[in-house]
Amino acid sequence: MRYLPLTPADRAEMLSVIGASSIDDLFADVPEAARLDGPIRDLPGHASELAVERHMTALARKNMVAGDVPFFLGAGAYRHHVPASVDHLIQRGEFLTAYTPYQPEIAQGTLQMLFEFQTQVASLLGTDVANASMYDGSTACWEAIGMARRITRRGKAILSGGLHPHYVSVAKTMAKYTGDVLDTALPVLGADTDIDALIAKIDDETSCVVVQYPDILGRIADLTPLADACHAKKALLIAVVTEPVALGAIRSPGEMDADIVVGEGQSLGVGLQFGGPYVGLFGCKEKYLRQTPGRFCGQTVDADGKRGFVLTLSTREQHIRREKATSNICTNSGLCALAFSIHMTLLGEAGLRRLAGINHANACRAADRLAKVPGVRVVNDTFFNEFTLDIGKEARPVVRALADRGVLAGVSLGRLYPGEDALANGLVVAVTETVTDDDVEALATALEEALA
Amino acid sequence: MALNQSGWRPSTPQQGDGAPATFTGNRALMLEEPLIFEIGSTETTGVDFAAGDVAGSRLGDLTRTAPIGLAGLSEQETVRHYTRLSRQNYAIDLGLFPLGSCTMKHNPRLNEKVARLPGFADVHPLQPVDTVQGALGVINELAMWLIKLTGMYGVAMSPKAGAHGELCGILCIKAALEKRGEGHRKVVLVPESAHGTNPATAAFAGFTVEDIPATADGRVDTAALKARLGPDVAAVMITNPNTCGLFERDLKEISDAVHAAGGYVYCDGANFNAIVGRVRPGDLGVDAMHINLHKTFSTPHGGGGPGSGPVVLSEALAPFGPLPFTARTADGYVHLIEEERAEEFSNEHFDGTLDSFGRMTAFHGQMGMFTRALAYILSHGADGLRQVAEDAVLNANYVLRSLEDTLDAPFAASGPCMHEAIFSDRGLAEGFSTIDVAKGLIDEGFHPMTMYFPLVVHGAMLVEPTETESKAALDQFIGALRSVAERAKAGDMALKTAPHFAPRARLDETLAARKPVLRWKPPVAVAEAAE
């Protein structure tokens, strides 16, 4: 077996050093009834690299690849072009095969990268600070709700109807067990966000309002009045960003006085990967630092006075605080954070703004073209690179039919909100820099035929 | 705008060791690297874009006009920046990484290759199910392996990491209790030697945590545990093999007692590597156990994640597992069961007994880790995985027996260890502790072992060599650790200032925590500061 370097002679010699007569002696503590006497039956034996690659390639071929077809899916995961150097650099063994930087003297590479990542994320989200990343956007969102509960000592969270339904589901699952009360709503297939409705709901019991920006239908609204309304009732505003590229074009939630900003960082560097691993972004105002979940990297000096970096503020974390920790999270999403950070470094501010501009321009052109398809209405007045169409009939079967024709048309609201008739005709269409005019034409043509 | 208004300056060169100071602060291949914000600028970009007008028109009045402060580098500078940073990291690719309880084994590159096949890497999680049969097939095939390797009934694939998996298992337990009308069971028993995530998870899910003491031989005190069982106990969380590197011999007996008292058994599977192919947790009465794919199944640790924590479940808990999940029907089609089809699927195939506690994360879990783990598993096969456990245990015992004459090994007398060997700081010179041994090992070119964990051993040094180390590598490590330990016993003061040859000397962690600097900020211009 190619990954196991011990030879039979090594094993024999080592057993004699140990003073054991056979390997079975080393498993003597396992009760006899639980010992397996040989390899588990009805599972195959070891396989060559060639055979494994063949098997995995055959499975991979059964998937329709986003890059092979006109592709318009978003709804929390976006297809962007990732420069070749990103994937090259994250595969350097010193990054790929390192562990959590518990020994900072020999982990400055990872630590400095995390410090840079935290700086980039805080700048992008407009927050004072950002942590070293979470699992993904959906879990970061729940952690923010829990953090707001601890800060305000209140247990009612108001979730916008524009929040990604999976994020709502995750919060609902957790709230069942923590006792938090969630006030949720469905989105309405119209141009207006539910900001006014959210403001009306805030009361003295409210710990936080959670709002997505841009929201699940792609709509954008100024969060400033919502932040003011939250703060008037001593509640927190949590903003959720599932498309970080948008923040190269539109004001950051932090600039609009959001208290906690969480996000899904997958758009930069990470790729689609069928949903994971992704990278959760988590930023907040500095005054709430001690209630944050997750890891932080901080700057310090070494014994010679040189600048260096360490994991810090760990007295909030599970390995020190155990049951009194702010969260049970242990890992971050280190390698994905690295990919995000490299991509962001390649872009820089000028590149990010340009990328965002191209996304928005492409989306505007696509919206205008699709609006010309008979029976199709663009729901949004505002959007960044994603908007919702009302196609006048149930969208989910249309998406399936278009997939058969080799067009991945978008995410139907029927997939996201099964059984909700008022939303069934909605189709969320994402248009990034990877979408060409020909792709848009292919979608428009296919839609025309499907709706005829 | 250039961000480095003050200009980056190299750190103070090291003095006093006879070597000359250098202008740059570099020392040959040991290269100092400033922050991107100190060398880049907001106008620089390493990416070319298509030309053309990009005037936006549908952003409302929300155009971002204020500076963001994101420094960019050209591609060449970017490659160099991260390459230089990478060289300041220790990694498995460089050498033995004996971090106990972390299972730092070799990461085969085949796994990286297959995970990057466009059919896996470039597929959206919400594509129509017909277009992702291969991706769902990977999840389903890996699930089958995990079930068979553990002898369990079902598996939840979506948890994002080990601690998330713990949460999944604990929520299954909570859901099962509530279904039985026993939601009043609020206590979760956790041994003192447990990972911090265990009590944190139980508390996160609303349980009260109580400690179970350990016996002198490093195992759970079975009698104390049994005495504590009762109508308020929801579950026991046990790590097996435990964090002292020992097999919990009484686990089956404990499981039977917990079940008889109406509770459930959660097993922390962080150390599954020691027993894979030799023992099935299902045979020990376990109800739920997470599997760290980044440990046992060798998906890369990546400097601290991403992890992946599928949870195998007993027949009693499987009905409560999270959405979504996959199921293959006789026709070979792999179904994705999300919120909408859960009830119908339960009625069709499980007589309506499925009662999921809900969703734990957006989408379907760590697909990129599933492909890697499956490639690893297929490479080893049932025979190879058994060999993995055997070699991991053999290597750990070899380290234990080779060093027990030099370092105090508190449980050496009670028999063989499993995948990791534990030593204490007893016998080191006055004023010397585990950290001095660890930092001395850095100078020897090794990553140190886990320090001061588990808490039940004073100054614990937990060494987990894993099965992917050769005898020659082990011998060199043993020689190095023996040498450093002897220096610590002799009171060699040079150890107190180790490491001497790393990119940095010991770092001031107290300063970092007392005055947190968590992001780079532009230096205040001199004129501004003077006002």
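UniProt, in an unreviewed entry, assigns residues 1–446 of chain A to "domain: Glycine cleavage system P-protein N-terminal". The model shown here is predicted. Over this span chain A is 38% helix and 13% strand. Its end C-alpha atoms are 51 Å apart.

A:D42 has phi near 55°, a positive value in a residue other than glycine. A:D42 sits in the loop between α2 (23–26) and α3 (49–60) of chain A. A:D42 counts as exposed because it has 6 C-beta neighbours inside 10 Å.

B:T103 lies in the loop between α2 and α3 (109–115) of chain B. B:T103, however, counts as buried, because 27 C-beta neighbours fall inside 10 Å.

Now take helix α2 of chain B itself, residues 75–86. Its twelve residues reach 16 Å from first C-alpha to last, close to the 16 Å expected at 1.5 Å a residue. Buried in α2(B) are B:T78, B:H81, B:Y82, B:L85 and B:S86. They lie on the same side of α2(B), because they cover an arc of only 130° around the axis. An α-helix has 3.6 residues a turn, so residues three or four places apart point the same way. What covers this buried set? The cover includes α4 (84–90), α5 (93–96), α6 (108–125) and α12 (334–371) of chain A, together with α1 (36–39) of chain B.

Further along chain B, an unreviewed UniProt entry lists residues 390–489 as "domain: Glycine dehydrogenase C-terminal". This span is 43% helix and 8% strand, with its end C-alpha atoms 33 Å apart.

Two helices of chain B, α11 (residues 367–403) and α13 (residues 471–490), pack at an angle of about 35°. Their axes are 10 Å apart. The crossing of α11(B) and α13(B) is right-handed. From α11(B), B:N395, B:Y398, B:V399, B:S402 and B:L403 meet B:L474, B:I478, B:L481 and B:R482 of α13(B).

Helix α12 of chain B (residues 434–443) holds B:A438. B:A438 counts as buried because 24 C-beta neighbours lie inside 10 Å. Beyond its neighbours within four places in sequence, B:A438 is in contact with B:P448, B:M449 and B:M451. B:V484 is 46 residues from B:A438 in sequence, yet 8.6 Å away, C-alpha to C-alpha.

Finally, the cis peptide bonds. One joins B:G305 and B:P306, with omega about 0°. B:P306 is in the loop between β6 (288–290) and β7 (311–313) of chain B. Another joins B:A498 and B:P499, with omega about 5°. B:P499 is in the loop between α13 and α14 (509–514) of chain B.

Key
Residues are numbered from 1 along each chain as its sequence is written. Chains are lettered from A and ligands numbered from 1 in the order in which they are written. This is a predicted model: local features need pLDDT of at least 70, side-chain atom pairs count only at pLDDT 80 or more; totals for chains, interfaces and linings use all residues. UniProt positions are given in the numbering used here, feature names are shortened, and annotations may be inferred rather than shown by experiment. Helices (H or I, at least four residues) and strands (E, at least two) are DSSP runs, numbered from the N terminus. The expected span of a helix is 1.5 Å times one less than its number of residues. A residue is buried if 20 or more other C-beta atoms lie within 10 Å of its own, exposed if 12 or fewer, and partly exposed in between; C-beta atoms are placed from the backbone. The arc is that of the directions from the helix axis to the C-beta atoms. Two residues are in contact if their C-beta atoms, placed from the backbone, lie within 7 Å. Axes are lines fitted to C-alpha atoms, for helices over the stretch in contact, and angles run from 0 to 180 degrees between N-to-C directions. A crossing is left-handed if the near helix is turned anticlockwise from the far one by less than a right angle, and right-handed if clockwise.
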